[in-house]
Each structure stands twice: as structure tokens, then as C-alpha cells.
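Look over the sequence and the model first, then read the points by topic.

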Amino acid sequence: MASKISVLPVIMAGGSGTRLWPLSRAGYPKQFLVLSGNESLFQLAARRLAALASAEFDLAGPCIVGNDEHRFLVLDQLRETGLEPSSVLLEPLGRNTAPALTLAALAALEGGDDPVLVVTPADQTVTNGAAFTAALQSAVRTAADGGITILGITPDRPETGYGYIRTQADAAGLAVAQFVEKPNLETAQRYLAEGGYYWNSGMFVLRASAWVKALERFRPDILAATRAAWAARKTDAKFVRPGKAEFAAVPSESVDYAVMERCPGTDIPLRMVALDAGWNDLGAWEAVWQVADKDEAGNAFVGDALIADSKNTLVHATSRLVGVVGLTDIVVVETPDAVLVSDRARSQEVKQIVNRLGAEQRGEQALHRKVHRPWGWYDSIDNGPRHQVKRIMVKPGASLSLQMHHHRAEHWIVVSGTAEIVNGDKTILLTENQSTYIPLGQTHRLANPGKVPLEIIEVQSGSYLGEDDIVRFEDTYGRT
């Protein structure tokens with residue numbers, strides 16, 4: 001009996017998702033959002049790759065490549081799916097997909113293994129899971145011989161928002177002849193009429209050694225710099241952190257530009273497997289509208305929305321009732337602290353707003369009003385010149401850091417659950433409807449010793465209420 005093919009799923013989870021603002025923020029980007037159903041795009045991607053398991057493949061837990069700031073989001077969301085990662089590789093800063101894949105390949109080659117890497121972004125949707133699994137399994141078999149296999153999407157419309165792959169049929173199936181940039185509408189219509197063109201899905205299947213060899217040939221500078229960062233790595237349980245200074249020196253480049261577009265016409269085998277599985281790359285609100293369930297007028301909505309006399313419009317409400325009247329081809333996205341209204345066809349341009357928010361150093365670019373932390377979350381429900389009110393949830397068994405503030409005092413009221421509170425030299429237990437006061441400059445800690453979530457209301461008062469007025473003495477999560 002032939003030996004099993006060793007397979008390592010690799011999920012690229014480091015994107016910022018700026019074109020899905022205001023739902024997607026730098027601190028909580030689109031791959032971790034639940035846009036429909038009850039699982040995030042990242043969780044759906046992990047489940048799709050787990051479905052590759054078969055008697056033919058030795059399937060490892062997924063290798064996640066992501067941002068250091070999102071490490072606890074990754075672990076929490078994987079825990080909810082019941083999947084255990086093989087490793088979580090944390091980029092100290094974004095360097096595009098080629099260095100990210102190189103980190104995964106170097107990790108995979110540790111110890112002398114050379115698995116087939118199944119590489120996928122974390123922010124795509126698929127409606128036909130069986131067809132997706134079959135196509136990936138076919139791609140794994142093809143890539144096991146040492147070549148590179150790309151998943152190409154069978155186009156169903158003249159899409160101008162995707163890059164294309166031009167193929168040539170041969171005795172072995174489909175060879176990649178050329179990568180084509182995003183076309184204009186006339187060119188996209190010609191591609192559909194001619195046939196042989198597919199959308200570039202951004203999914204690749206190849207052995208770890210095949211990627212390293214290709215990079216050595218086309219971009220040895222990326223390989224050398226990433227190797228230096230890998231050599232300087234630090235490991236903390238499942239977290240692997242490349243050397244920060246070394247990784248900063250890695251050239252920023254995509255997988256396509258670094259390697260894939262250079263392969264046609266060389267001796268590196270580059271094949272394509274066609275994927276017809278209801279695939280969509282949720283790169284902008286237009287794409288979200290495309291995949292959403294719609295009424296007879298083409299309207300789609302999420303949340304508490306009332307739509308009247310409107311056509312082909314998307315409304316996404318998260319915290320309150322949103323009513324729209326007389327709109328055509330419009331996107332309306334409501335969050336507690338920001339609202340987006342856009343022409344649906346121009347929804348990709350929302351990144352202009354995000355860039356302005358960043359330039360003006362406004363918090364709405366990076367964080368929601370409700371901010372997720374490794375211990376739970378807090379929601380800033382009211383604020384003024386000298387006060388701020390937060391609703392805080394602490395997970396069972398979790399605790400905040402032992403800390404103090406120079407400029408603010410805090411009042412804590414337990415809404416539900418049990419709070420264990422260090423307040424100076426005292427440790428007290430509080431339950432529902434009980435409260436305590438933390439004076440300015442007092443060392444304190446909030447913990448949840450119970451088995452149900454702890455919720456409190458925190459009222460801050462003082463001359464400065466910024467999140468940077470915090471001195472940590474002890475912290476479970478390695479923060480300073």
C-alpha cells in the first residue's frame with residue numbers, strides 16, 4: 001500500500017480588511033468577523049481545510065500565519081471549532097504573502113519533513129463544500145510530485161475586481177500559461193467569450209521544498225531575509241515569533257509577484273485545478289452583497305433593518321434599527337461608533353476613508369467601541385471630559401493584569417457572575433449588585449474565579465482616561 005501524502009494546511013490570516021470598514025478594523029479585521037451564519041470567515045476556512053482528511057492523506061492541524069496583535073483571536077476562534085493548530089506563526093509587522101508563506105515553509109521543513117502545503121487566505125467563502133474538497137484533494141495529488149498547483153475559479157461573470165489566469169490544456173490537464181492583471185470590462189467579457197481564463201483565487205498547493213526552491217531562484221533576497229528572521233525566532237507554546245528586527249528587513253512582496261508570475265515559460269511545473277464551488281473573495285462590500293441572500297428587489301440585509309422602495313441595496317446593522325427609503329445600488333453599514341454609506345460599485349474605495357482615519361490618528365480606524373482582549377472584552381458605552389463608562393466581560397478563569405493608573409480612579413459594579421478583586425493589600429469577592437472603589441494610584445486586579453462570564457460596569461473618573469495610562473506589574477498574556 002502506498003504511503004500517505006503528508007499535508008499541512010496553511011491559513012493566511014494576517015490581512016487588515018480595510019475595504020470592509022467600519023465592520024472590519026485593524027484590531028479586529030474581517031477574517032475574524034461573522035458576516036453570516038454563526039462562524040467567522042477564519043473559522044469557515046479552517047473547517048474547509050479540515051475536510052481534506054482522508055485515508056490518502058496524513059493531515060496535520062493547520063499552520064496559521066497572522067499578526068501578533070490577533071494571536072488570542074486566532075486561538076479563541078480555533079478553540080470554538082475544536083481544531084488544534086500545529087503552530088501559530090506571528091508576524092511582528094505585515095510583509096505581504098510571500099514572506100508569510102516562506103515562514104510556513106520553513107516551519108514545515110523543521111525536523112526533515114516536507115509536507116504538501118495547502119495555502120489559503122482566511123477571508124473567502126465557498127457554498128459547495130464537497131466540490132471544494134474534491135478540487136483541493138486533486139490539487140494535493142498533483143503537487144505531491146514536486147510542482148506547484150493553483151486553484152483557478154471558473155468565472156460566471158465578466159468580473160473586473162479579480163486577476164485572471166490564462167491556461168493551456170495538455171495531456172495532464174491544465175497548465176498555467178500566463179497571469180493577467182485585473183482587466184477592464186471589455187477585456188473581461190472577451191476572456192469569458194474565449195474561454196480558458198479563470199479567476200486567481202489566491203490558493204496554492206505545493207511542497208514546502210518546492211516553494212523554497214522557487215524563491216531561491218526568483219527572489220533569494222526574500223528567502224535569505226526570512227531565514228534570518230526564522231533563525232532569530234522565539235517560541236511560546238503554540239506561538240512562534242520571528243525576530244522582529246530581522247523580519248522588518250524582509251522585502252514586502254506577494255506570492256504572485258515573487259514567484260507565480262515568473263514560473264510560466266520555465267522548467268518549474270505550474271498547473272491549475274479548476275474550482276467551481278460557489279467561491280467568493282470578500283474583498284469589499286460589493287462582494288458581500290453578491291453572496292448574500294436577497295429579496296425580490298435584490299436587497300440584502302443583516303441585523304435590524306427596514307428597507308422600502310429600494311433596489312440592489314445592502315444594509316448591515318449591528319447595534320440599532322436602520323431604515324432606508326428609495327435607494328438603488330447602495331451600501332449602508334452601521335456600527336455603534338461609525339456609519340458607512342457608499343455607492344455599491346465604488347465600495348472598494350472605502351479604503352480612502354480608512355487612510356484618512358489613520359492619517360488623523362482617529363481610533364475608529366483601529367478599534368471598535370467594543371474592544372476584544374485575551375481575557376474578554378470591554379465596551380465604552382459613555383464618555384465625557386472627565387469620565388468614561390465601560391461594560392466589561394471577563395471569561396471564566398481569566399484575569400486582567402495587576403496594574404495601576406496615575407490619572408484616574410475607578411468604580412466597579414458587578415452585574416453578573418463573581419469577581420475576585422485585588423484592591424491594594426486586600427483581596428475581596430463580589431457578586432451581583434455589589435461594588436467597590438479603586439482610588440487613583442491604587443494597585444488592583446480584576447479576575448473571574450467562577451465558571452460563568454463575569455460582567456461589570458466600570459465608571460472611570462479623572463483628569464486623563466486614555467488606555468495608555470496603565471502600569472502593569474504582572475500579566476498573564478505577556479503585555480507590558
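At 1% relative accessibility, C63 counts as buried, because the cut-off is under 20%. This comes from a predicted model. C263 is buried too, with a relative accessible area of 1%. The structure holds 0 disulfides.

**Overall build**
- The protein has 11 helices and 31 strands.
- Its radius of gyration is 25 Å, close to the 23 Å that the globule rule gives for 480 residues, so the protein is as compact as a globular protein of that length.
- Along the principal axes, the C-alpha atoms fill a box of roughly 75 × 60 × 40 Å.
- Of the 480 residues, 51% are buried.
- Take the contacts with a separation of 6 or more: 68% of them join residues 24 or more positions apart.

**Aromatic pairs**
- The count comes to 7 aromatic pairs.
- One of them joins Y162 and W279. The arrangement is edge-to-face, with 5.3 Å centre to centre and 65° between the planes.
- Y162 lies in the loop between β7 (148-153) and β8 (164-170), while W279 lies in the loop between β13 (270-275) and β14 (280-281). The pair therefore ties together parts that are 117 residues apart in sequence.
- Y162 and W279 are both buried.
- Ring pairs also bring in W199, making a cluster of Y162, W199 and W279.

**Charges over rings**
- R48 lies over the face of F132, at 5.4 Å from the ring centre.
- K370 lies over the face of W377, at 4.2 Å from the ring centre.

**Residue S342**
- Strand β20 (residues 338-343) contains S342.
- Is S342 buried or exposed? S342 counts as buried because its relative accessibility is 13%, and the cut-off is under 20%.
- Which residues does S342 touch, leaving out those up to four places away in sequence? The contacts are D329, I330, V331 and S347.

**Annotated C-terminal domain**
- An unreviewed UniProt entry carries the annotation "domain: Mannose-6-phosphate isomerase type II C-terminal" for residues 361-475.
- In the model, residues 361-475 are 0% helix and 55% strand.
- The end C-alpha atoms of residues 361-475 are 28 Å apart.

How values were computed: Residues numbered from 1 in each chain as written. Predicted model: local features only at pLDDT ≥ 70, side-chain atom pairs only at ≥ 80, totals over all residues. Heavy atoms only, no water. Disulfide = S-S within 2.5 Å. Buried < 20%, exposed > 50% of the residue type's maximum accessible area, 1.4 Å probe, protein only. Phe/Tyr/Trp six-rings, centres within 6.5 Å; stacked < 30°, edge-to-face > 60°. Helix = DSSP H or I, 4+ residues; strand = E, 2+ residues; numbered from the N terminus. Lys NZ or Arg CZ within 6 Å of the ring centre and 35° of its normal. UniProt positions renumbered as here; feature names shortened; annotations may be inferred. Contact = heavy atoms within 4.5 Å. Rg over C-alpha atoms; globule rule 2.2 N^0.38 Å.
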